[in-house]
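Have the model open as you read.

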Amino acid sequence: MVIGVGRCGPAAANTASQQNADTNRSGDASFSEESHMTVTTQESFSPARLPAMAWLAIAIAALGGILYGYDIGIIAGALVFMKGALSLSGSEMSLIVAAVLGGGSLATLIGGPIADAIGRKATLLISGVVFAIGVIVTAMAAGYAGALGGRLIQGIGVGLVTIVVPLYLVEVMPPAVRGRSVTLFQLFLTFGILAGYLVGYFFNASGDWRAMFITALAPAVAFVLLGLALPKSPRWLIKKGRPSEARAALARTHSADETESTFNELAAQTDEEGVAARWSLLLAPGYRRAFFLALAIGLLNQLTGINTLLQFNTVILDQSGLSGGATAVLGSVTVGLTNFVVTIIGLMLIDRVGRRPLLILGTAGATVALAFMALIHLLTTASAFQGYATLAGLIGFVIFFAIGPGIVVWLAISEVLPLAIRAKGMAVALFANSLMSAILAAVFMDIVSVAGYAGAFGLLAIAVFVYMLVAIFPLPETKGRKLEEIETHFLGEAHG
């Protein structure tokens, strides 16, 4: 994510050569001392001095996360009432839930090419409109086919959101606050899940599942209307040969000094649009290392089991010994609330501690939590003790996931990919992420029936341990560095 590769301009080539020399002298793969000096300058930039348009972009990230999370959370409460109202069988309910994952998988695969062709901003607006159409179709469904179609359309909408919001933000925000702005997407995703649960609880007495879905129109409409005022991505404009528009777009989200320095670096990049449009560039020398790293992060983030465990946590707790619906549901709400609160902590740390340390800490802790739950189910039988111990393990898992993989994934994937393959690389990585989520959810209970929860948790622990190794070794730290510097880290050797 093998034919010709893009050519670097003189400034970029000199930077790459200097960086390679620094790397060889230091004996590691770290960024050069010159890059470190840039980081210091960038980190002195105060978020309080952000232009108003940068704050609007941050608000869009928040709304995009809410759309995605709300879509996950609302179905839990609505499905109970949809079953009777639409005469759904068990398999039909499963397909209605899976339709969002299927639509999301398709959207993440086509989202990159669409964003390359018509622009990040236009794709962002389309994603909100598609989501709103899906909400309306689902709410008006008279039977299974209508509900399935509506959920599929919603899935396409949120799938586009998952790729275009991080892609847009990583290309328009100043480096000093890029991490926090992109991770707001994950924070408000968790808030959206929690909001979906609460709305479901609010309408539980009336059983009005149509109203549950209609409430999702509020954030969708706000997402589209606010998105109309956003500038286009300056990096996309540069790729399209529109430098004057790119400079103007940068000036709307950057300080005056950052506008000039960033524009000069962008202008020095001469990757050809025709080459950048080729999928084969993903496997070209220099690019493929960044692509395979992004792909591994996308796959491994779902192999932590996060989506599966969040969807099945009530069942898991009930079968572990917390019998009685109220107790199990309360445990699930506790897990969801923990996810949201810890994500806030991660948001405050992402641009201070860095991506790599948080990912290492999160994967290490999640591995221990999963191994703990595996041992509990291996050594004990279903009981109140096993139930509460499993709840403790789930809370621990969510804490470490939220502060590590959950807060880092969108940012890591979008930052490590060079400009020429960023949209398509993200499309493939997030398609793999979404597809893995669907597959794992589909087979999880089958794994449990064969190997028990001990085996299922044990397998997830092994996958998260592998994720930790990826964070320790091939993943560079990107905190505070311009995208062009990160690109030089991956392409310098091949293009220097």
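Phe-191 is partly exposed at a relative accessible area of 33%, where buried means under 20%, exposed over 50% and partly exposed in between (1.4 Å probe, protein chains only). This is a predicted model, in which local features need pLDDT of at least 70 and side-chain atom pairs count only at pLDDT 80 or more, while totals for chains, interfaces and linings use all residues. Residues are numbered from 1 along each chain as its sequence is written, and side-chain values use heavy atoms, with hydrogens and water left out.

**Aromatic rings**

- The structure holds seven aromatic pairs, a pair being rings of Phe, Tyr or Trp (its six-membered ring) with centres within 6.5 Å; planes under 30 degrees apart are stacked, over 60 edge-to-face and the rest tilted.
- Phe-191 and Phe-340 make a tilted pair, because their planes stand at 45°, with the ring centres 5.5 Å apart.
- That pair links distant parts of the chain, 149 residues apart: Phe-191 is in helix H7 (residues 175-202) and Phe-340 in helix H16 (residues 325-349); helices here are DSSP runs (H or I, at least four residues), numbered from the N terminus.
- Tyr-453 and Phe-457 form a stacked pair, 5.9 Å centre to centre with 25° between the planes.
- Tyr-453 and Phe-457 are about one helical turn apart, because four residues separate them in helix H20 (residues 419-472).
- Both of these residues are buried, Tyr-453 at 8% and Phe-457 at 0%.

**Salt bridges**

- Seven salt bridges are found in the whole structure, each a side-chain nitrogen of Lys or Arg within 4 Å of a carboxyl oxygen of Asp or Glu.
- Asp-71 bridges to Arg-151, with the closest N and O atoms 3.3 Å apart.
- Asp-71 lies in helix H3 (residues 52-85) and Arg-151 in helix H6 (residues 144-172), so this bridge ties together parts 80 residues apart in sequence.
- Asp-71 is buried at 1%, as is Arg-151 at 2%.
- Arg-242 and Glu-245 form a bridge at 2.9 Å between the closest N and O atoms; Arg-242 is partly exposed at 25% and Glu-245 at 37%.

**Around Arg-355**

- Arg-355, in helix H17 (residues 355-379), forms a salt bridge with Glu-415, the closest N and O atoms being 2.8 Å apart.
- Glu-415 belongs to helix H19 (residues 405-416), so the bridge connects parts 60 residues apart in sequence.
- Glu-415 is buried at 1%, and Arg-355 is also buried at 1%.

Terms used:
Helix = DSSP H or I, 4+ residues; strand = E, 2+ residues; numbered from the N terminus.
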